[in-house]
Amino acid sequence: MKMSEMTENHGNLGTKSDLTGITDTPITDPASNKDAKTSGALKKSSRYRSRSLSASSTDSYSSTSCTGSSSDGDDVSPREKIQSNSSGSNDFCVRNINQQAFGRREIDIAEQEMPGIMALRKRACDDKPLKNAKIIGCTHINAQTAVLIETLAALGASVRWAACNIYSTQNEVAAALAEANFPIFAWRGETEEDFWWSIDKCVNAENWQPNMILDDGGDATHLMLKKYPAMFKLIKGIVEESVTGVHRLYQLSKAGKLTVPAMNVNDSVTKTKFDNLYSCRESIIDSLKRSTDIMFGGKQV
């Protein structure tokens, strides 16, 4: 080919103005471009949907949770709250009275697991053998204790109750008891000051002279003896169910300060042959599972 022909053919490529429609953007397949747009839209939709679900889940949890949610007002001490039950009574101090429905379900389940005390309640409720008994209780407050408290009331006793441990109270159960018009002063996470204040509220109440103490650890006995010695002399009996509490009672007895009858429930046959034998075994198994974070299913134990 001659040089002149090559030059002529090369000139047919066009001028610069003819190339204005061409850009530096890489050429992509139309189908893949469509897929990319669809994927982006899905991601955006999924992102907004997940935010919506997350928010609704959080709202739902906080509105129905019975422990640990922000709706419990954990930053506010129950002593600073103004609460009342459906009957208008405010003679109690619990974490959140609105948890009472869940606590009542727990108590109902516990009743099914305690046929002995339920049979006693049914058998003696008409006779009211505990009529005129005014009992101060200071024990762990859980669903099983609630069954005991309601049984004492069904048999004619009047009770006021506090917790013997600042960490063991089931807040929802305490709320259920408060809703049932029991003077309950307990919540999980009490300070030491709250602990003694709660027991004091059970001892020193208007138109209330206790005549029995049901103690676990001896704290109610200790406070009443130290702070209200005149009221303590009118006590007709003390029931103590712990090793620590019994030890403290023996110390008071040796010092000549135990001026009222006291019953050592801790060393009773029922306690040593049943509770210490079976309940402690159950606690050991539960502790092993919690501390090792393993399940016993499929294993030889």
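I began with the term I would need for the sheet: two strands pair if DSSP finds at least two bridges between them. With that in hand I looked up Leu214, and its bridge partner in β5 is Val239. The model I am reading is a predicted one, and I keep that in mind throughout.

**Entry: the chain as a whole**

I noted that the secondary structure of the protein chain comes to eleven helices and six strands. Of its 301 residues, 33% are buried, and the chain exposes about 19300 Å², of which carbon and sulfur atoms supply 54%. I also looked up how far contacts reach along the sequence: among those between residues at least 6 apart, 66% join residues at least 24 apart.

**Entry: the sheet**

I traced the six strands and found that they form an open sheet with parallel pairing, in the order β3-β2-β1-β4-β5-β6. The strands at the edges are β3 (184-185) and β6 (262-264), and each has a single partner strand, so one side of each is left without a neighbour in the sheet. Going back to the pair that holds Leu214 and Val239, I saw that β4 (residues 212-215) and β5 (residues 237-240) pair in the parallel sense over four bridges.

**Entry: helix α8**

I then turned to α8 (residues 219-227), which lies across β1 (134-139), β4 and β5 and runs at about 140° to β4. Its buried residues are Asp219, Ala220, Thr221, Leu223, Met224 and Leu225.

**Entry: Ser86**

I looked for Ser86 and found it in the loop between α2 (30-64) and α3 (100-112). Is Ser86 buried or exposed? Its relative accessibility is 63%, and because exposed means over 50%, Ser86 counts as exposed.

**Entry: a patch on the surface**

Last, I looked at Phe274, Leu277 and Tyr278, which form a nonpolar patch on the surface with about 310 Å² of accessible area together. Leu277 has its place in helix α11 (residues 269-292). An α-helix has 3.6 residues a turn, so residues three or four places apart point the same way. I noted Leu277 as partly exposed, because its relative accessible area is 33%, and that class lies between under 20% for buried and over 50% for exposed.

Definitions and conventions: Residues numbered from 1 in each chain as written. Predicted model: local features only at pLDDT ≥ 70, side-chain atom pairs only at ≥ 80, totals over all residues. Heavy atoms only, no water. Patch = residues over 30% accessible without salt bridge, like charges linked within 9 Å, V, L, I, M, F, W, Y side chains within 5 Å. Areas by Shrake-Rupley, 256 points an atom, 1.4 Å probe, with all protein chains shown as cover. Salt bridge = Lys/Arg side-chain N within 4 Å of Asp/Glu carboxyl O. Helix = DSSP H or I, 4+ residues; strand = E, 2+ residues; numbered from the N terminus. Buried < 20%, exposed > 50% of the residue type's maximum accessible area, 1.4 Å probe, protein only. Contact = heavy atoms within 4.5 Å. Axes fitted to C-alpha atoms, helices over the stretch in contact; angles between N-to-C directions.
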